[in-house]
Amino acid sequence: MTAILTGDIINSEGHEGSPWIDLLKAQFSKWGKTPSDWEIYRGDEFQLKINPKRVLWAAIQLKAIIKSIKGLDIRMAIGLGTESFSSDSVSESNGTAYQRSGRTFETLKEEKVNLAITTGNEETERTLNLMLKLALNFMDEWSPVSAEIVAIALENPNRSQQEIADMLSIQQSAVSQRQKRARLDLVFELLDYYEHTLNE
C-alpha cells in the first residue's frame with residue numbers, strides 16, 4: 001500500500017517572500033528525496049509519497065508547521081491505495097493512491113474541508129472523515145503559538161513539557177496551557193485510532 005498527500009497553502013498569495021516554502025522543504029526533506037518522494041509545484045501546491053502509517057501524522061504535522069505562520073493554513077487530501085507506475089517524479093507516478101488523493105483534493109475547496117482521506121473502503125472512509133471533520137473544528141482554529149507547540153510535540157513525542165519549555169525558553173505551565181488549548185491529547189488519540197484502523 002502507498003499513501004499520497006496532495007495539498008496547497010491557503011492564503012499563500014498574501015504572504016510575500018513565501019516564508020512557508022523553506023519550512024515545507026525542510027520538513028519534506030526529512031521524509032524523502034525530491035522529486036521522487038515529494039514535489040512543490042505551481043507555486044504553492046505539493047505532493048508527497050509517504051508510508052501509509054505515517055501519512056496522517058505527516059498531514060497534521062504540516063498543518064501545525066504552516067499554521068505557526070500567522071494567516072496561513074493548508075488544504076490536504078490523503079489517498080491510500082496502490083502505485084501501479086513509479087516515475088522519477090512523484091507527480092508523474094500513478095496508481096489508485098495517486099488518483100484517490102488527486103480527486104479528493106479537487107473537492108476540498110467546494111466542500112469547505114481542509115483535510116480528507118480516501119481509502120477505497122467506504123465504511124472506513126466515512127468514520128475517518130467524520131473524525132477529521134470534528135478534529136478540524138479545533139485544528140483550523142489553532143493560533144500560531146498553539147500550532148508551534150503541536151509541531152514540536154509531534155516531532156518529539158517523548159519529550160516532557162519541561163523539555164519543550166526549555167526549547168522555547170518559556171515556563172512549563174505555558175507549554176501545558178498551549179497543549180490544552182490546541183487539544184493535543186485529542187490529536188494523539190486520533191493518530192492512535194488511525195494507526196489501529198490501518199492495522200485491522
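The largest pocket of this predicted model holds about 250 Å³ of space. Its lining is made up of Met1, Leu80, Thr119, Asn121, Glu123, Thr124, Thr127, Tyr193, His196, Thr197, Leu198 and Glu200, and the elements that give two or more residues to this lining are helix H4 (122–139) and helix H8 (184–199). H8 supplies the largest share, four residues.

The second largest pocket is lined by Lys53, Arg54, Trp57, Leu154, Pro157, Phe188, Leu191, Asp192, Tyr194 and Glu195, and here too the largest share comes from H8, which gives five residues. The table sets out the volume and the residue classes of each pocket.

| Pocket | Volume | Lining by class |
|---|---|---|
| Largest pocket | about 250 Å³ | four nonpolar, six polar, two charged residues |
| Second largest pocket | about 170 Å³ | six nonpolar, no polar, four charged residues |

Some backbone details in the loops also deserve attention. In the loop between helix H1 (19–31) and strand S2 (38–41) lies Pro35, and the peptide bond that leads from Thr34 to Pro35 is cis, with omega near 5°.

Asn11, placed in the loop between strand S1 (2–10) and H1, is a residue other than glycine with a positive phi, near 75°. Asn11 has a relative accessible area of 38% and is therefore classed as partly exposed, between the limits of 20% and 50%.

Arg183, in the loop between helix H7 (172–181) and H8, likewise is not glycine and has a positive phi, in this case near 60°. The relative accessibility of Arg183 is 37%, so this residue also counts as partly exposed.

Note on methods: Residues numbered from 1 in each chain as written. Predicted model: local features only at pLDDT ≥ 70, side-chain atom pairs only at ≥ 80, totals over all residues. Heavy atoms only, no water. 1 Å grid on protein atoms, 1.4 Å probe; cavity = no way out; pocket = protein on both sides within 12 Å on 5 of 7 lines; lining within 4 Å. Points joined across faces, edges and corners; volume = space filled by probe spheres on them. Nonpolar A, V, L, I, M, F, W, Y, C, P; charged D, E, K, R; others polar. Buried < 20%, exposed > 50% of the residue type's maximum accessible area, 1.4 Å probe, protein only.
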